[in-house]
Amino acid sequence: MKFRKLPFRNLTKKPGRTAMLTVLVMILSFAMFAGAATIFSLRNGMKSLEARLGADVIVVPVSAKSKVNLDEMLLQGTVGYFYMDSDVLEKVREIDGVEKASAQTFLATLRADCCSIPVQVIGIDPDTDFTVQPWIAQSYGKPLETYDLIVGSKVGTEIGSTLRIYQQDCQVVGRLDSTGTGMDTAVYTTMDTMHLLLEAAQGLGHDLKITGDPDEVISAVYIKVKDDSSAVSVNNYINVHIRKVESVQTKNMLTTVSDGMAGASSAMTILIGGIWVLTFLLIIAAFCMILRERRLEFAVLRMLGASRRMLSGMIFTETAAICVLGSVLGILLACAVVFPFGGLIEEKLGLPFLQPGAGMCILLAAGTFLGVLLTGTVASMWTANRLSHVDASKILREGN
Amino acid sequence: MSLLELKNISKIYGELKALDNVNIKVEKGEWVAIMGPSGSGKSTMMNIIGCMDKPSLGEVLLDGVDISKESSKKLTEIRRDKIGLIFQQFHMVNYLTAVENVMVSQYYHSMPDEEEALEALGRVGLRERAKHLPSQLSGGEQQRVCVARALINAPELILADEPTGNLDEDNENIVLDLFRQLHREGTTLIVVTHDPEVAEIINENFQE
């Protein structure tokens with residue numbers, strides 16, 4: 001037996017005690033890593049949403065708000081559709097202070113024979129769009145042809161495959177990077193293809209509530225306001241002067257999301273803090289129990305010539321071994337829960353959720369690992385001090 | 001020069017004098033019994049001789065060197081290098097086998113050597129029980145392992161506190177025979193006991 005392994009021998013010979021301590025450390029590690037990863041994902045999602053939304057004001061038909069929750073549609077990809085005349089776009093472009101304006105048209109597919117999957121299809125004008133087109137250009141460098149689709153990161157289909165939408169075969173030519181927003185569950189195409197799909201849907205008897213020519217409808221107008229103009233003014237102007245539409249400032253929408261995110265982050269931080277304190281106290285309590293149980297063992301080792309430093313070293317080694325094992329298991333468990341179920345967490349929180357990249361995950365794991373090791377070390381320090389100062393002769397004489 | 005000499009040793013706890021001006025001289029190779037009723041200060045004296053405590057007054061000369069004022073760290077080193085301790089309640093490390101319990105003593109002294117540890121167990125008749133845990137050994141066997149553990153680093157002094165107090169007659173005889181053998185080989189032994197029969201055996205050997 002290698003006596004440097006004496007601490008590990010104790011751990012393996014007392015599996016119940018070792019398991020209890022490891023589980024405690026694992027809970028701490030899980031809470032720290034899962035909580036931090038969730039907070040980072042929420043922050044990433046928010047940043048991504050801000051970066052990709054791009055528009056200051058969104059104009060939708062006045063009926064839209066009664067049909068869908070615009071926030072949910074935008075953030076969570078809830079499928080929905082509503083239409084208005086395309087001349088709204090021209091009216092908007094004429095307003096002072098509008099720098100850019102581009103229309104989008106929505107179509108929700110069904111879980112039925114006509115369509116491969118239920119998904120939100122969004123038609124954009126590649127020449128004027130400034131919200132999605134930059135990301136499409138980044139993911140797919142060529143212009144979109146008729147019946148070409150770009151899918152969001154969470155749409156379960158492969159590039160090169162065919163998606164059947166209202167019995168029209170569309171080719172998936174690209175996939176957007178994950179954004180943590182509703183963009184991830186949508187499918188993008190050109191306005192020309194969208195008009196063909198609208199006609200096909202109507203041809204199959206689906207009532208889209210379109211009055212007039214399907215080629216002349218749009219669902220929303222995304223507006224970028226000039227730097228020297230006010231989004232509030234543009235928003236108010238539209239609400240007052242353009243009939244049958246409702247103008248929404250994205251800042252308000254983002255503020256709601258941002259508030260929600262801040263609330264979720266705070267709750268998560270409090271939860272992590274609470275779990276940390278609780279686990280820290282439990283670890284100290286566990287070490288106190290161990291102190292009582294191992295007094296005799298340490299007295300024997302003192303009698304055999306172990307110095308206080310050697311005994312402290314032994315306790316630290318045992319603690320470190322438990323912390324390493326517990327934190328690795330906790331981090332792995334957190335990875336197994338947070339990453340595969342990111343979509344569910346996003347759905348439950350109702351907030352954009354973009355998981356951090358591998359580099360950040362490694363940093364978080366390293367931070368968690370060090371945090372847990374430090375917590376375990378501090379918790380065991382008191383025990384080590386007490387154990388190394390035991391009155392060995394008294395304990396040996398009394399036998400306990 | 002005596003191996004051990006206690007000069008005017010007192011140990012005082014508040015108002016209580018556990019030891020009061022004790023003087024003892026133990027020559028090399030002697031087998032000495034310290035006798036007395038419970039509460040007479042035997043264990044206190046053993047703790048002082050075994051470097052696990054310091055006297056309040058007086059000098060403790062081990063190999064001519066006064067160790068009564070040494071630091072706790074230095075006392076640990078002296079205990080490790082020069083003294084083998086045996087207790088009434090055996091005190092084995094319960095998750096280590098018999099041979100590993102002997103090797104722990106080697107580890108803190110110098111370097112573990114399994115063959116040497118097995119030889120020490122052979123001397124106390126337990127080589128074949130080397131891989132057994134304390135829970136698999138009888139009380140007598142555990143005490144014999146502790147004797148092997150005390151011997152392994154060839155200490156100048158073996159200090160035993162009621163070594164036969166928890167043993168049946170057969171095992172008591174085995175342990176005392178081991179002590180007798182060690183005494184003949186020149187090892188210095190101090191045995192704390194309240195058993196007159198044990199003291200008598202020690203006295204007979206002293207007479208020899």
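Author: What follows sets values from this structure against the definitions. This is a predicted model, in which local features need pLDDT of at least 70, side-chain atom pairs count only at pLDDT 80 or more, and totals for chains, interfaces and linings use all residues. Residues are numbered from 1 along each chain as its sequence is written, chains are lettered from A and ligands numbered from 1 in the order in which they are written, and side-chain values use heavy atoms, with hydrogens and water left out.

Reader: What makes A:Glu90 and A:Arg93 a salt bridge?

Author: The rule asks for a side-chain nitrogen of Lys or Arg within 4 Å of a carboxyl oxygen of Asp or Glu. Here the N to O distance is 3.3 Å. The pair therefore meets the rule. Both residues sit in helix H5 (residues 87-93) of chain A, three residues apart, which is about one helical turn. Helices are DSSP runs of H or I with at least four residues, strands are runs of E with at least two, and both are numbered from the N terminus.

Reader: How many salt bridges does this rule give over all chains?

Author: The count is 16. One network of salt bridges links A:Arg294, A:Glu297 and A:Glu318.

Reader: Why is B:Lys11 called buried?

Author: Buried means under 20% relative accessible area, exposed means over 50%, and partly exposed lies in between (1.4 Å probe, protein chains only). B:Lys11 has 10%, so the word is buried. Its salt-bridge partner is B:Asp53, at 3.2 Å, N to O. The two are 42 residues apart: B:Asp53 lies in the loop between helix H1 (42-49) and S4 of chain B, and B:Lys11 lies in strand S1. B:Asp53 has 22%, so B:Asp53 counts as partly exposed.

Reader: What are B:Asp20 and B:Lys17 called, buried or partly exposed?

Author: B:Asp20 has 48% and B:Lys17 has 47%. Both values fall between the two cut-offs, so both residues are partly exposed. Their side chains also meet in a salt bridge, at 3.7 Å, N to O.

Reader: Why is strand S8 of chain A described as largely enclosed?

Author: Five of the five residues in S8 (residues 186-190) are buried, so the rest of the structure largely encloses this strand.

Reader: How do you know that S8(A) pairs with strand S4 of chain A?

Author: Two strands pair if DSSP finds at least two bridges between them. S4 (residues 120-124) and S8(A) share five bridges, in the parallel sense. That meets the rule, so they pair. One example is A:Val121, whose bridge partner is A:Val187. Strand S5 (residues 148-151) of chain A also pairs with S8(A), over two bridges in the antiparallel sense. There A:Ile150 has A:Tyr188 as its bridge partner.

Reader: What makes S2 and S5 of chain B edge strands?

Author: Chain B has an open antiparallel sheet of four strands, in the order S2-S1-S4-S5. S2 (16-26) and S5 (65-66) each have a single partner strand, so one side of each has no neighbour in the sheet. S4 (residues 57-62) and S5(B) are joined by two bridges. Within that pairing, B:Leu61 partners B:Asp66, and B:Leu62 stands opposite B:Val65. On the other pairing of S4(B), five antiparallel bridges join strand S1 (residues 4-13).
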